[in-house]
Amino acid sequence: MAYAIRVHKTGGPEALKYEEVQVGAPGAGEVRLKQHAIGVNYIDVYLRTGLYPQPTSPFVPGMEGAGEVMAVGAGVTDLKVGDRVAYAGPAGGYSTERLIAADRVVKMPDGIDYKTAAAMMLQGMTVRYLVRKTFNVGKGTTCLWHAAAGGVGLIACQWVKHLGGTLIGTAGGPEKVKLALDHGAAHCIDYKKDKDFVAKVKELTGGKLCDVVYDSIGKDTFPASLDCLKPRGLFVTFGNASGPIEAFNPGILAAKGSLFMTRPSLAAYTSSRADLVETANDLFDVVSKGVVKINVNHTYSLKDAAQAHIDLEARKTTGSIVLLP
Ligand code: NDP
């Protein structure tokens, strides 16, 4: 018997229904997975509320997981029953078993357990493309990273430090600030206390400001985030935890110093198999070497996915969240 959390009608956390489902045999190019751990990400909230278009109706949320191959479909030659694999997308993760295209999963290295893998594939590969591809962070790079104690944030603190960059974080409350600092942030602004984070960034950089701002908050931090950038700096808006940025006149980018702006997605940076494998391998490398530690700070049973969403949206969580089937 297989079970999944399904959304029939988008809405609040109560839209997440735990139901028995038929999984079926894998089709050509697919594998069937027995899932051992499932990652929870902010994108799951956007899909549940309807902010992002739902893939199917009903749909099973969840973009991230790790498990073992139970069956392989026709034409799958590089995976076999029993292989340990992990993935970040497509949706369908909140389930005990699922079908997935074989070219979207990667084999897990021996030293990484299922819980860690489920917690890191989406957030870790996101940080990897943001710091290596969207902007090439290195010695001398100063960046501002909002929500530095979150799932993506704690990985970013460690990875930016590893690359020799200086990360100025923001986080809500002293405990979160401490967590970000403990994970490698050079500074962390408590934006609950210091609401004018622009002034703090000016102070911390001696007026030099940042080369790049990574903003996943959206509405609440825009356009203030732009004022943290040097002329010709890069504004990376990659999420909308407080709601999406409203339409604006691009002339603001000229007025604030010929700024660049991008709105990237993990899907676009890992759409080819080669990009997915390169990104995953880089992540496995930093985690296996202990350069980046994955903090699974919250674990819930799959049945309790709604509570995980309530806590994530209430800003009660830090690091990564995992559901266990
Ligand atoms: P987090 O663990 O970072 O949780 C979100 C955090 O955002 C909260 O803990 C909170 O931290 C902060 N926040 C600020 N304002 C609000 C608000 N109004 N409501 C809720 N939270 C708020 O989540 P994830 O690590 O899963 O994701 C982080 C962000 O990265 C998300 O916006 C997500 O969409 C984005 N993302 C984008 C990807 C892409 O490729 N474009 C891929 C992966 C993630 P605090 O209290 O410290 O402010």
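Predicted model: local features only at pLDDT ≥ 70, side-chain atom pairs only at ≥ 80, totals over all residues.
Good morning. Across the interface of domain 1 and domain 2, the rule finds zero salt bridges.

Let me set out the division of the chain. Domain 1 comprises residues 2-121 + 294-324, while domain 2 covers 139-263. Their centres, taken over C-alpha atoms, are separated by 29 Å. To the contact, domain 1 contributes 12 residues and domain 2 contributes 16 residues.

How much area do domain 1 and domain 2 bury between them? The figure is about 960 Å², and 50% of it lies on carbon and sulfur atoms. On the side of domain 1, three residues deserve mention: Asn295, Arg315 and Thr318 supply 38% of the area that this domain buries against domain 2, more than any other three residues.

I now turn to the second largest pocket. Its volume is about 340 Å³. The pocket is lined by 16 residues, and those closest to its centre are Phe59, Val60, Ala91, Gly92 and Arg98.

Which strand gives the most to this lining? The answer is S6, with three residues. Strand S6 spans 97-101, and strand S1, at 2-6, likewise supplies at least two residues of the lining.

The interface of domain 1 and domain 2 buries about 960 Å², with zero salt bridges found across it by the rule. Thank you.

Technical notes. Residues numbered from 1 in each chain as written. Heavy atoms only, no water. 1 Å grid on protein atoms, 1.4 Å probe; cavity = no way out; pocket = protein on both sides within 12 Å on 5 of 7 lines; lining within 4 Å. Points joined across faces, edges and corners; volume = space filled by probe spheres on them. Helix = DSSP H or I, 4+ residues; strand = E, 2+ residues; numbered from the N terminus. Domains from an automatic or database assignment. Contact = heavy atoms within 4.5 Å. Buried area = accessible area lost by both parts, 1.4 Å probe. Salt bridge = Lys/Arg side-chain N within 4 Å of Asp/Glu carboxyl O.
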